[in-house]
Amino acid sequence: MALIQISENKQDFGSELGGSIPRPSTVIGDFAKKNFQIFSAGAVFSGGTFLLRLVLAGILGPSGYGLFTLMMLLPDYSEKFFRFGVDDAAVYWNGKGKHPPGEIVFNTVLTSALLSAIPAALLLACQEEIARWILKQPAVPSSWLLIVAVSIPFLFVVRALGKLVLSLECISFYNFMLYMPTFLSLLIGVVGISLLKKGLKSALIAFAVGYAIVAVSGVIFFIRQRLFQPRLNLGLIRRLFGYGLNLYAPNLLQYLHYRVDMLLLALMLTPAEVGYYALAVSLVEALRKIPNIASSLLYVRVSRSETGQAADLTALVCRHLLPLLVILPVPFFLVVNYIVLPALGGVYRPIVFPVMILLPGMIALGMNQLLTLHFYGIGQATVASRSILTGLGTNLLLNCYLIPKYGIAGAAVSSTLSYTLAVGILLVCFKKRGTLRWRDFLLVRHDELREFIRALTPSVNRAG
């Protein structure tokens, strides 16, 4: 699908290369249009992904789905621990315009692929320890872990190329890079399980195949756009590592903040309980789609802005998204409770309470994502690091105390409280560094709302 669109996007892709931020009079409309393009595609793919997850959970059952979730944490952990912030640094340096985009693309892909070899080798070397301590399945076939190891390089390349596409604001192909890997993996997995009758192994193979297809498509896209210059630039690689390492610690801590509950559950509880909590998290994280989309594009814009302009833009995005984040959890919970759960059956009833507890945490998590990437974009990653470290420490302590007492409900409480604390710290730091008032974060202005609606009206009509 995406490769068919390459010729359509070539003009826009080339014209936006190294482009500047739109004039203040159009920034609201331009930002809204591009976010809506990402969100409208996400609504379709996320809906399909959501249904496929439910089908997979039903086929594998709580224990099988819990084991699949733990297996998928391995490439996820690999990316966060061993990517070293290189792809985020590539977005930053592309925004500064100091290197040809084709060189940035090639050297970022090369570096990402080489870095992926480290966790893949460690995974194969430590199979017994991983099976015993994380999967709690001493008899896990070595072929399963081999499949996961093979998928890691493709995952690294997909994430790097996706961020580079977004930094050039080629929205249609970014949608492909963002949504297709998970959707395609789940689709192939469900079909594979049905046809091959291999259960979990089919799902793991599908994960690797899905990411491989998207990774190859991404490279072909850049080659066709003549934005893939195979020229080794050691100076650029040093710059990628230099700024990337500034982001590495906060990125890693942030990921642990989001996922430490799952890791501790794996150590303390059974795979079935992990499966319940994993499904609850998968459901509520649907509400993160909107702030995740906005924060990714915000980081691109902020990295090309002066500090004052960046603060104004971030405040604008926050005050437009906060009402949505506050309103959406109520209808979302009703859908989960009265539509999703009856479809899954009574076996998944234990997810209701964790879903209800995690929903307020998604509001804080969405705002936290926006503010974190703001500080990354203006080169002040240490500010975000302090907030993330505080949130992680709080989450770790609360989980260690509450999980043994209350199980998956305790993990949900810990996450929501720590997310709220972290975003509170970022808000205070953000306000101290400028002249903005609290209402600049929280209250939508009438003129902006009119501009926002005018910008989206043509996009909504085209989507319809």
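This is a predicted model: local features need pLDDT of at least 70, side-chain atom pairs count only at pLDDT 80 or more; totals for chains, interfaces and linings use all residues.
Local features require pLDDT of at least 70 and side-chain atom pairs pLDDT 80 or more, while totals for chains, interfaces and linings use all residues. Residues are numbered from 1 along each chain as its sequence is written, and side-chain values rest on heavy atoms, with hydrogens and water left out.

Eight salt bridges were counted, each being a side-chain nitrogen of Lys or Arg within 4 Å of a carboxyl oxygen of Asp or Glu. Arg 159 and Glu 79 pair at 2.4 Å, N to O. Arg 159 sits in helix 6 (residues 142–167) and Glu 79 in helix 2 (residues 24–82), so this bridge ties together parts 80 residues apart in sequence. Helices are DSSP runs (H or I, at least four residues), numbered from the N terminus. Glu 79 is buried at 1% relative accessibility, whereas Arg 159, at 27%, is partly exposed (buried means under 20% relative accessible area, exposed over 50%, partly exposed in between; 1.4 Å probe, protein chains only).

Lys 163 pairs with Asp 88 at 2.8 Å and with Asp 87 at 3.9 Å. Asp 87 is buried at 0%, as is Asp 88 at 6%. Together with Arg 83, these residues, Glu 79 and Arg 159 are linked in a salt-bridge network.

Turning to the surface, Val 330, Leu 334, Val 335, Tyr 338 and Ile 339 form a nonpolar patch of about 510 Å² accessible area together. Patch members have over 30% relative accessible area and no salt bridge, with nonpolar side chains joined within 5 Å; areas come from the Shrake-Rupley method with a 1.4 Å probe. Leu 334 belongs to helix 13 (residues 329–344).

Technical notes. Patches are made of residues with over 30% relative accessible area and no salt bridge: like charges are joined within 9 Å, nonpolar side chains (Val, Leu, Ile, Met, Phe, Trp, Tyr) within 5 Å. Helices (H or I, at least four residues) and strands (E, at least two) are DSSP runs, numbered from the N terminus.
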